Amino acid sequence: RVTLPATASACARQGQELFAPPSVSGWAGGTSWINSGTLLERLNWASDVVWGNPDFGIAPYDPIAWAERHGVKPTEAAEAFIEVVLQRVEAPEARKLIVDAGRAGTPDGLRMALQRVLHSPKFQLA
């Protein structure tokens, strides 16, 4: 579970003040607000959400509970993460890295698979 203060702090580090977009249109998408500093913060925040970060009061994500809630076998959850988050991955090598990480269906393996999904360029530029 992620708290509002942790989310607000993470957004600020990524260059977006929570609840204060620059205009009614919100923030520009794509690469317009990504630079080397904000991208690193985005990747770190994704890791915090997946693996947990006690400094922000964030517990590790429970991918097994997610799989059970959605009727997905843990050994197939990495594929499900790809479909739910990315819809598809064009690069076979990237898909293989994600699926291989979660193949055993263990909590840590599925966290690694989800982290790879969230760190993918396709997700970051969506």
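Student: Let me start at Q124: buried or exposed?
Tutor: Q124 counts as buried, at 6% relative accessibility. Please keep in mind throughout that this is a predicted model.

Student: Where does Q124 lie?
Tutor: Q124 lies in helix α7.

Student: And what is Q124 in contact with, leaving aside its neighbours within four places in sequence?
Tutor: With those neighbours left aside, the contacts of Q124 are I34, L39, R42, L43, L118 and H119. One of these, L118, is itself a buried residue of helix α6.

Student: Let us step back. How many helices and strands does the protein chain have?
Tutor: There are 7 helices and 0 strands in the protein chain. Read from the N terminus on, the order of elements is α-α-α-α-α-α-α.

Student: What radius of gyration does the protein chain have, and what would a compact globule have?
Tutor: The protein chain has a radius of gyration of 15 Å. For 126 residues, a compact globule would come out near 14 Å, so the two values agree. Along the principal axes, the C-alpha atoms fill a box of roughly 45 × 35 × 25 Å.

Student: What share of the residues count as buried?
Tutor: Of the 126 residues in the protein chain, 35% count as buried. The accessible surface comes to about 7,500 Å², and 60% of this surface belongs to carbon and sulfur atoms.

Student: What share of the contacts comes from residues 24 or more positions apart?
Tutor: Such residues account for 55% of the contacts with a separation of 6 or more.

Student: You mentioned α6. How many residues does it have, and what length does it reach?
Tutor: Helix α6 covers residues 107-118, which makes 12 residues. From its first C-alpha to its last it reaches 16 Å, close to the 16 Å expected at 1.5 Å a residue.

Student: Which residues of α6 are buried?
Tutor: The buried residues of α6 are G109, L110, R111, A113, L114, Q115, V117 and L118.

Student: What do they pack against?
Tutor: The buried residues of α6 pack against α2 (36-51), α3, α4, α5 (92-102) and α7 (121-124).

Student: New topic. How many aromatic pairs are there?
Tutor: The count comes to 1 aromatic pair. W66 and F81 form this pair, which is tilted, with 5.1 Å centre to centre and 50° between the planes. W66 lies in helix α3 (residues 63-69) and F81 in helix α4 (residues 77-86), so the pair ties together parts that are 15 residues apart in sequence.

Student: Are W66 and F81 buried or exposed?
Tutor: W66 is buried, with a relative accessible area of 13%. F81 also counts as buried, at 3% relative accessibility.

Student: What about salt bridges: how many does the structure hold?
Tutor: The structure holds 6 salt bridges. One of them joins E41 and R13, whose closest N and O atoms are 3.0 Å apart. E41 lies in helix α2 and R13 in helix α1 (residues 4-13), so this pair ties together parts that are 28 residues apart in sequence.

Student: How accessible are E41 and R13?
Tutor: E41 is partly exposed, with a relative accessible area of 23%. R13 is partly exposed as well, with a relative accessible area of 30%.

Student: Which residues are linked in a network of salt bridges?
Tutor: E79, E83 and R95 are linked in such a network. Within it, R95 forms a salt bridge with E79, the closest N and O atoms being 2.6 Å apart. R95 lies in helix α5 and E79 in helix α4, so that pair ties together parts that are 16 residues apart in sequence. R95 counts as partly exposed, at 22% relative accessibility, and E79 is partly exposed, with a relative accessible area of 32%.

Student: And what does R103 form a salt bridge with?
Tutor: The partner of R103 is D100, and their closest N and O atoms are 2.4 Å apart. R103 counts as partly exposed, at 49% relative accessibility. D100 is partly exposed, with a relative accessible area of 32%.

Student: Last one: where is A59 found?
Tutor: A59 is in the loop between α2 and α3. A59 is partly exposed, with a relative accessible area of 40%.

Student: What does A59 touch, not counting residues up to four places away in sequence?
Tutor: On that count, A59 touches R1, V49 and G52. F19, by contrast, is 40 residues from A59 in sequence and 24 Å from A59 in space, C-alpha to C-alpha.

Key
Residues numbered from 1 in each chain as written. Predicted model: local features only at pLDDT ≥ 70, side-chain atom pairs only at ≥ 80, totals over all residues. Heavy atoms only, no water. Phe/Tyr/Trp six-rings, centres within 6.5 Å; stacked < 30°, edge-to-face > 60°. Helix = DSSP H or I, 4+ residues; strand = E, 2+ residues; numbered from the N terminus. Buried < 20%, exposed > 50% of the residue type's maximum accessible area, 1.4 Å probe, protein only. Expected span 1.5 Å × (residues − 1). Contact = heavy atoms within 4.5 Å. Rg over C-alpha atoms; globule rule 2.2 N^0.38 Å. Areas by Shrake-Rupley, 256 points an atom, 1.4 Å probe, with all protein chains shown as cover. Salt bridge = Lys/Arg side-chain N within 4 Å of Asp/Glu carboxyl O.
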